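Please read these notes with the model open beside you. They go point by point.

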Amino acid sequence: MTLLQVMADGDRDEVLLRTTDLATIAAELAPFNITLEQWDTVELSDTAGQEEILEAYRADVEKVSKEGDFRLVDVVRMKPSDDPEWPALAKGARERFLNEHTHDEDEVRFFVEGKGCFYLHLDGKVYAVVCERGDLMSVPAGTTHWFDMGSEPEFCAIRFFQEEDGWVAGFTGDGISSRMPTLDELV
């Protein structure tokens, strides 16, 4: 379920809004030029690779790429595995973006499957947006945020970039992310 939970930035227990209504979520994010929309989804096999996924969503990907001047598009997939190295890989991937940061370009992600949570730190509030299959989230450059993929990451997302290094995070040093509920606690 796509979910928005808004909290006061000083108190994780002070929930100002919690909703799954897409119109309400879009209205809450619009003043910050953050968009959340839903695409029709395509049934793909669990083993679908980047080329197959991008081809399945080609029309939508081309539209977003053109509108946002995105020159690079890729697919990232995190899925639990029996590989003994999986727990360390998952933990490292999760921790990479769990601290508040910004990017020099828009962060645009489409969830092909699974879920993840964008936490947006705006005007003294934290907007936790749980995205799931079919959600396209666009966060403007310079927006303070962090991302949680959960303790057992399982998602596949199409990512859009203007520059190869556009995804590089500029960490703020604020420890707010450690004071907010995790994705696992939200859902």
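1. Basis. This is a predicted model, in which local features need pLDDT of at least 70 and side-chain atom pairs count only at pLDDT 80 or more, while totals for chains, interfaces and linings use all residues. Residues are numbered from 1 along each chain as its sequence is written, and side-chain values use heavy atoms, with hydrogens and water left out.

2. Strand β6. Start with β6, residues 107-122. Helices (H or I, at least four residues) and strands (E, at least two) are DSSP runs, numbered from the N terminus. Of the 16 residues in β6, 14 are buried. Buried means under 20% relative accessible area, exposed over 50%, and partly exposed in between, with a 1.4 Å probe and protein chains only.

3. Partners of β6. Two strands pair if DSSP finds at least two bridges between them. β6 pairs in the antiparallel sense with β7 (residues 125-132) over eight bridges. With β10 (residues 155-161) there are six bridges, again antiparallel. β8 (residues 135-139) pairs with β6 over four bridges, in the antiparallel sense. Four bridges also join β6 to β9 (residues 145-148), and these two run antiparallel.

4. Arg 109 has Met 137 of β8 as its bridge partner. Gly 114 stands opposite Phe 155 in β10. Phe 118 stands opposite Phe 147 in β9, and Tyr 119 stands opposite Ala 128 in β7. In a regular strand the side chains alternate between the two faces of the sheet.

5. The β6-β7 turn. β6 and β7 form a hairpin with two residues between them. Asp 123 lies in this turn and has a positive phi of about 50°. Asp 123 is exposed, because its relative accessibility is 68%. Most residues other than glycine have a negative phi.

6. Asp 69 is not a glycine, yet its phi is positive, about 55°. Asp 69 sits in the loop between α3 and β4. Asp 69 counts as partly exposed because its relative accessible area is 48%.

7. Largest core. A nonpolar core is a set of buried Ala, Val, Leu, Ile, Met, Phe, Trp, Tyr and Cys residues joined through side-chain atoms within 4.5 Å. The largest one has 26 residues, and Leu 29, Leu 120, Tyr 127, Val 129 and Met 137 touch the most other members. At least two residues each come from β1 (3-8), α1 (22-29), α4 (86-96), β6, β7, β8 and β10. β6 gives the largest share, four residues. Another core lies apart from this one, with 16 residues, among them Ile 53, Val 108, Leu 136 and Ile 158.

8. Val 129 and Thr 143. Contact means heavy atoms within 4.5 Å. With neighbours within four places in sequence left aside, the contacts of Val 129 include Leu 3, Leu 29, Cys 117, Leu 120 and Met 137. Thr 143 is in the loop between β8 and β9. Is Thr 143 buried or exposed? Thr 143 is buried, because its relative accessibility is 9%. Beyond neighbours within four places in sequence, Thr 143 is in contact with Ile 34, His 101, Thr 102, Leu 120 and Leu 122.

9. Largest pocket. On a 1 Å grid over the protein atoms alone, a pocket is an open set of points where a 1.4 Å probe fits, with protein on both sides within 12 Å along at least five of seven lines; lining residues have an atom within 4 Å of a point. Grid points are joined across faces, edges and corners, and a volume is the space filled by probe spheres set on the points. The largest pocket holds about 340 Å³. Of its 19 lining residues, Val 76, Phe 97, Arg 109, Met 149 and Arg 159 lie nearest the centre. β4 (72-78), α4, β6, β9 and β10 each give two or more lining residues.

10. Second largest pocket. This one holds about 210 Å³. Its lining has 14 residues, and Thr 35, Val 64, Glu 67, Leu 136 and Ser 138 lie nearest its centre. Two or more residues each come from β3 (35-38), α3 (58-68) and β8. α3 gives the most, with four residues.
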